[in-house]
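Here's a quick briefing to read next to the model. Have a look at the picture, then go through the notes below.

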Amino acid sequence: MTESGMVLAARELTKVYTRGSEAIRAVDGVSLTIRRGEFVAFMGPSGSGKTTLVNILGCLDNPTGGELDLAGRSIFGGGKSLGERDLTRVRRELFGYIFQNFYLIHTLTVRENVALPLAFYRKPGAEEEVERLLKLLGMEHRMDHLPGQISGGEMQRVAIARALVNRPEILLADEPTGNLDTRRSEEIGEILQELNRNAGLTIIMVSHNPDLARLGGRRIEMRDGQAYES
Amino acid sequence: MITPFQIACRNLLRKKVRTFLTLIGIMLSTWVMVSLFGFNKGYEKALNRDIENMGYQLMVMAKGCPYEAATMMLQGGKGLRYMEQSMVNDIVKEPEVEKVTPILMQAYFDPNKGESGGIAGYFGVDPASYPAMKPFFRFRSGGWFHDEAAQEVVMGYEAAELEQREVGDMTMVPEKNVQLKVVGILERTGTQDDGTIFVPLKSLQRIAGTAKITTVGIKVKKDADMSKLETKLYQLKDVQVVSFSQVKQTILKLIATARVMVLSIAIVAILIAMVGVVNTVLMSVLERVQEIGILKTMGAMPGDIFRLVWTETLILCSVGGIAGIGFALLFAQVTDILVRRILPYAPGGGLVAIDLPLALLTLVTIVGVGLLSGLYPAWKAGRVRPLESIRREG
């Protein structure tokens, strides 16, 4: 964490894909900063580059060019790209992720799913977080259920608890309500908003849903690989 | 908290039938392997025990005489050659000799044996010297002969079982119509002695109408030069010398082919089982690419994923291996019967000896080969990139 409270700083980030002889600039010179405790929603039509940008910001992908600092550490820059091992190291220290498809493991109970990241990496005191988070998210009565025995909205709550169990700096949410009906979407939106307001969690979210995006204090519109504050 | 080991176990339980079939493959190959190694160990042990239980290390007999009971049975006693009993006096003079005992083997056709008759083998033994050669004989009932020319028999355990004789019963020598009284029945020894009927040497000589013998059993002094003694014994007229160490080598050579064949089967079985392991684990990895990617977003390093998949292989091979060893122990008797059917000569007692070091060695081999087979799927899983796995879904 820097003194100014900056958690993420991106400068001229670029991602170029080549398809045959054609070069596609999925992210085209994006510069932005995100402060600790911000809730930033990325919106835009399909193919606008929002998911590609968020994947780079979340260290799921390497950029082709530009620089990225996270919590005061230089991650990408000066032509440096990280290997899978280094990217994993950054991810597990800084990020929690939730996805449209939840990706719960169906042979593990709710409690085991939430505790799963701790099998590989655990920050001090993270063990106590499992039950606390499940209670916070209203899932304490479902702890011993399997994912197949709970609803979609509940599955996403479990995924949120799992993402938060190692107390990340940033929660990265890629279309978190994409597979949920309106009522469940609202519930998840409220949870994210509460986590941001009450726990001061930094949230970076990609969403097609304008109502959900409105919950974010800051909205960034992606068009043709470029980012516009709205 | 859930551990990587528990995660690996749950992964294997997802596809129960596939996991079960893979386990069966590993179990069968372990079973074959441990039984084969157990047989290698057990056969030699049983052969040594048979030879040690002979009580003597050398036999001298008339040239051309079959020395093995089974051969004598096959030839119906027609191949027997005789030598003078005075030969014993010449042999006992040698400084390497500790004890000697004269033996007369006889075989008679018994029409009442089995469905169409069979050969009954008799051993004429000297009551003064033979029991000392077999100090390990224990009597189930009765004891040795009352005098050196008594009309009595001592029956081996199986011979008595077969004829349903008890001490005090009378038994008839076929062809000769001579009645002998059963005075002793031996405990089971696990050797050919179990099927033998012992008669005092003089009595059998009288029944056979000869004063000669077929064999002299020789116990050699400890640390004596056996080959030197053999050379000296060959100087005696018209005799052949059979050393049991030679017999052992001959028999081991005879079964070498059978051993190679079974070893080949074991290797093929292991290879098939290991292909099964690679298939199961690789399929499981390919089916879980997304999940592996998600584990990486949670902080699992490539090495963690490698170990997780390798643990699955370890569990499969360990469980299959332990089950295979368990079955091999449980069905050692069945293996024994099957092996006896294909062997040219099988000594008495258990042929398959599976002990703890052998069981552990087999388990380590199976797990070691299994882990080698699991290297590729584990390496492949470790290389999964989270982004690619998430994109698959999208």
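Which residues of β6(A) point one way and which the other way? Phe95(A), Tyr97(A) and Phe99(A) go one way, Gly96(A) and Ile98(A) go the other way, and all are buried (20 or more other C-beta atoms within 10 Å of a residue's own, with C-beta atoms placed from the backbone). Bear in mind that this is a predicted model, where local features need pLDDT of at least 70, side-chain atom pairs count only at pLDDT 80 or more, and totals for chains, interfaces and linings use all residues. Residues are numbered from 1 along each chain as its sequence is written, with chains lettered from A and ligands numbered from 1 in the order in which they are written.

**Strand β6 and its partner**
- Strand β6 (residues 95-99) of chain A, a DSSP run of E with at least two residues, is largely enclosed by the rest of the structure, because five of its five residues are buried.
- β6(A) pairs with β7 (residues 170-174) of chain A in the parallel sense over five bridges; pairing takes at least two DSSP bridges.
- Gly96(A) has Leu171(A) as its bridge partner in β7(A).

**The sheet**
- The open sheet of chain A has six strands in the order β6-β7-β8-β3-β9-β10, with mixed pairing.
- β6 and β10 (226-229) of chain A sit at the edges with a single partner strand each, so one side of each has no neighbour in the sheet.
- β7(A) and β8 (residues 202-206) of chain A run parallel, joined by five bridges.
- Asp174(A) is opposite Val206(A) in β8(A).

**Chain B**
- Chain B is divided into domain 1 (4-50 + 251-393) and domain 2 (64-237), with bounds from an automatic or database domain assignment.
- The centres of these two domains of chain B, taken over C-alpha atoms, are 49 Å apart.

Notes
A residue is buried if 20 or more other C-beta atoms lie within 10 Å of its own, exposed if 12 or fewer, and partly exposed in between; C-beta atoms are placed from the backbone. Helices (H or I, at least four residues) and strands (E, at least two) are DSSP runs, numbered from the N terminus.
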